[in-house]
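Dear colleague,

I am handing over a structure for you to look at, and you will find it just below this paragraph.

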Amino acid sequence: MEFYNTKAKEIEKRNSNYIKLVNTLGRKLANDSLSHFELQAFFKDMAQYSSQQFEDINQIIDEYHIYEKQVQTHKQNQKMFIKEMVLLCDSVSEDLSKAKMLLDFLIFWMDSQVLGQDKVLLRQISLISSGKTPKEAYELTSISPNGNDTLIRTLNEMLDLLLQRNRELSESNKILAANLEQKQKELLYLNQKYGSIVTVDETTKLPNRKQALKDIDKYINNGVKDESKLGLLLISIGNYDELLKKFGARIDEELILRTIDIIKNTTRSDDVVYFMRRNELLVLCPSSSETSIINIANLLIANTKNSRDINSLFYNKDSAKLNIGIELIDKNIALKDVLKNVDDKLKMAEDSKEAKFVI
């Protein structure tokens with residue numbers, strides 16, 4: 001019973017948070033204030049919700065030997081939710097005006113699953129605990145037998161629509177969609193496999209300094225294969241304090257978040273961004289060369305300087321200047337030496353007072 005009480009509370013708490021997330025998304029859409037970064041953070045929250053929620057639900061299903069028809073409902077809905085969210089991530093990330101379709105799906109899921117099947121499942125477990133058989137509990141609580149068919153049919157229609165739109169994309173958009181899909185799949189996989197291990201900064205939702213040190217150390221100890229190198233880019237906004245002084249503390253958090261958004265959109269799909277400390281970010285770039293890492297640094301500097309999203313914070317009267325320290329690792333080296341090297345190079349870049357990288 002203790003197992004049930006613990007899992008039930010976690011399931012209900014997560015569903016409560018899900019409803020809050022959906023309500024926040026609805027308000028953002030109503031106010032026309034949804035940013036690209038907020039959308040990406042929202043998809044990450046949904047990935048974390050689904051990986052943890054589905055795992056707990058499956059555990060509690062196994063523990064109480066829930067009736068087969070109820071199990072099938074949850075399994076089918078879980079698969080459809082993940083598939084739908086991946087496709088919606090592709091479509092909506094390219095065009096924020098399509099976010100209404102995302103909201104419609106999430107409200108439908110809230111009605112059919114969060115406020116429907118999840119509550120039914122918990123009621124069945126309560127009945128089983130009081131002596132009912134799993135089948136009796138199912139028959140006493142099950143929602144209309146057509147409910148799940150309606151869910152599957154509705155989702156299939158939405159999937160067909162999205163797939164049709166994807167086929168109409170130009171070749172360049174197809175490449176972008178494939179990259180976004182790959183990132184989302186990796187996110188879902190990491191949340192399912194390492195969700196309880198990865199340490200994350202609460203504000204930026206990025207892996208934090210502690211996690212960065214773990215990952216760098218792991219790469220160093222495993223060795224770098226072939227002729228590729230492990231690239232590290234330690235990044236700061238060189239005129240950060242100047243911008244805060246000129247435009248006020250209101251831009252503080254938003255400046256960092258929008259800069260992170262640019263970094264994620266500029267770097268490769270297998271690169272990982274970390275939040276190190278105030279105004280300091282790290283990008284870990286596996287399988288890099290000097291040419292590729294320099295190209296990334298140049299793009300980061302140019303994209304940040306010319307970003308309308310960032311420049312709007314300064315009423316288009318100023319721009320953010322990135323400074324980047326770069327370290328390339330192709331052999332075993334002590335972690336403390338790696339950190340010192342890349343930190344020294346960042347300081348050299350910052351000393352120039354201009355947007356610059358040092359390698």
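Helices (H or I, at least four residues) and strands (E, at least two) are DSSP runs, numbered from the N terminus. This is a predicted model, in which local features need pLDDT of at least 70 and side-chain atom pairs count only at pLDDT 80 or more, while totals for chains, interfaces and linings use all residues. Residues are numbered from 1 along each chain as its sequence is written, and side-chain values use heavy atoms, with hydrogens and water left out.

The chain has 13 helices and five strands. Of its 359 residues, 46% count as buried, where buried means under 20% relative accessible area, exposed over 50%, and partly exposed in between (1.4 Å probe, protein chains only).

With that definition of a crossing in hand, we can say that α8 passes α13 in a right-handed crossing. Helix α8 (residues 209–222) and α13 pack at an angle of about 115°, with their axes 10 Å apart; axes are lines fitted to C-alpha atoms, for helices over the stretch in contact, and angles run from 0 to 180 degrees between N-to-C directions. Arg-209, Leu-213, Ile-216, Asp-217 and Ile-220 in α8 meet Leu-335, Val-338 and Leu-339 in α13, contact meaning heavy atoms within 4.5 Å. The residues of this contact divide into six nonpolar, no polar and two charged, where Ala, Val, Leu, Ile, Met, Phe, Trp, Tyr, Cys and Pro count as nonpolar, Asp, Glu, Lys and Arg as charged, and the others, Gly among them, as polar.

Next comes the sheet. Five strands form an open sheet in the order β2-β3-β1-β4-β5, with mixed pairing; two strands pair if DSSP finds at least two bridges between them. The edge strands are β2 and β5 (356–358), each of which pairs on one side only, and the twist averages 25° from one strand to the next. Helix α13 (residues 335–351) packs on the sheet and touches β1, β2, β3, β4 and β5, its direction making about 150° with that of β4. β1 and β4 pair in the antiparallel sense over eight bridges, and Leu-230 stands opposite Ile-329 in β4. β2 and β3 are also antiparallel, over five bridges, and the hairpin they form has two residues between the strands, with Asn-279 taking a positive phi near 55°.

The largest nonpolar core has 34 residues, and those with the most contacts inside it are Leu-233 and Leu-255; such a core is a set of buried Ala, Val, Leu, Ile, Met, Phe, Trp, Tyr and Cys residues joined through side-chain atoms within 4.5 Å. Helix α10 (252–266) is among the elements that each supply at least two residues, and α10 gives the most, with six residues. Apart from this core lies another, of 24 residues, including Leu-88 and Trp-109.

With best wishes

Conventions:
A crossing is left-handed if the near helix is turned anticlockwise from the far one by less than a right angle, and right-handed if clockwise.
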